[in-house]
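I opened the model to look up its pocket, its core and its salt bridges. My notes follow.

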Amino acid sequence: MTRVPIPSVDSSLGMKLLPTLLSIIAGSVDAIGFLGLGGLFTAHVTGNLVILAAHLVSGGEAPIAPMLSVPVFMLALGLTRLLVGGLESIGRASLRPLLLLQLLLLAGFLVLCVSAGPRIDPDAPIAILAGMLGVSAMAVQNALVQISLKGAPSTAVMTTNITRFMMDLGEVILGREQAEIAKARSRAKSAWPAILGFAVGCGLGAACEAAIGLTALALPTSLALLAFAMGRAAHLDGGQRS
């Protein structure tokens, strides 16, 4: 079977900017979902485990959406990997299809939330379904930066990025081996835009949700459309070549 080339973040300007854009999407989706769906984290799934554990220990009623989010996230990751395997078996690169899938999931998230009205009950079936579409979209994004885009940092798990960034910063300042310093500088250079993008996304998402409610999901959905267009443009410009 012919090996399918994986585009690199260094292959074009669009690919260099794509991880930052994806980080903005993840930050805004996480903030909007948390504020509008009763504390549901869509990108930061481990936060749902904390919320669930806190409710159980305190004797409170366990919220359904956080309880479902972890298995749904895992299932979406597994299905995404199967999809990538299928695409590779027919010689197709997976970046554009996964960007399109993320866009469709976010669009579904937006449509369900808007159709539920401004005063959505987080425990209502439509709200839970909408939240799981958001969780699935973030699972697809987490997968694509690992298996469909070479050299990309995490765009949703900022704890790892910040830890790695600070360790690399320390290596650049205090390190003695030039080869290791160069590697640390390169990693830090790729990580800080993702960290900044996620923070910007959180701020924008929170501000928009406070102003217009869950209709604010139009922001990450529009950005996902832009991300898909960037992936398509990179392909047309030769960004899919190894």
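**Pocket**

I sorted the lining of the largest pocket by residue type: seven nonpolar, four polar and five charged. Here Ala, Val, Leu, Ile, Met, Phe, Trp, Tyr, Cys and Pro count as nonpolar, Asp, Glu, Lys and Arg as charged, and the others, Gly among them, as polar. I note that this is a predicted model, where local features need pLDDT of at least 70, side-chain atom pairs count only at pLDDT 80 or more, and totals for chains, interfaces and linings use all residues. Residues are numbered from 1 along each chain as its sequence is written, and side-chain values use heavy atoms, with hydrogens and water left out.

The lining has 16 residues, and Val9, Asp10, Lys16, Lys189 and Ser190 lie nearest the pocket centre. Two elements give two or more residues to this lining: helix 1 (13-36) and helix 7 (178-212). Helix 7 gives the largest share, seven residues. I read the pocket volume as about 410 Å³. A pocket is an open set of points on a 1 Å grid where a 1.4 Å probe fits, with protein on both sides within 12 Å along at least five of seven lines; lining residues have an atom within 4 Å of a point. Helices are DSSP runs (H or I, at least four residues), numbered from the N terminus.

**Core**

Next I checked the largest nonpolar core, which has 54 residues. Such a core is a set of buried Ala, Val, Leu, Ile, Met, Phe, Trp, Tyr and Cys residues joined through side-chain atoms within 4.5 Å. Helix 5 supplies the largest share, 11 residues. Met138 is one of those with the most contacts inside the core. Leaving aside neighbours within four places in sequence, I found Met138 in contact (heavy atoms within 4.5 Å) with residues including Ile25, Phe73 and Leu106.

**Salt bridges**

How many salt bridges does the structure hold? I found three, each a side-chain nitrogen of Lys or Arg within 4 Å of a carboxyl oxygen of Asp or Glu.

Arg164 and Asp168 meet at 3.0 Å, N to O. They are four residues apart in helix 6, so about one helical turn separates them. Asp168 is buried at 1% relative accessibility, while Arg164 is partly exposed at 41%. Buried means under 20% relative accessible area, exposed over 50%, partly exposed in between (1.4 Å probe, protein chains only).

Arg187 also bridges to Asp168, at 2.8 Å, N to O. This pair links distant parts of the chain, helix 7 and helix 6, 19 residues apart.

Lys183 and Glu180 form a bridge at 3.9 Å. Both lie in helix 7, three residues apart.

Notes:
Grid points are joined across faces, edges and corners, and a volume is the space filled by probe spheres set on the points.
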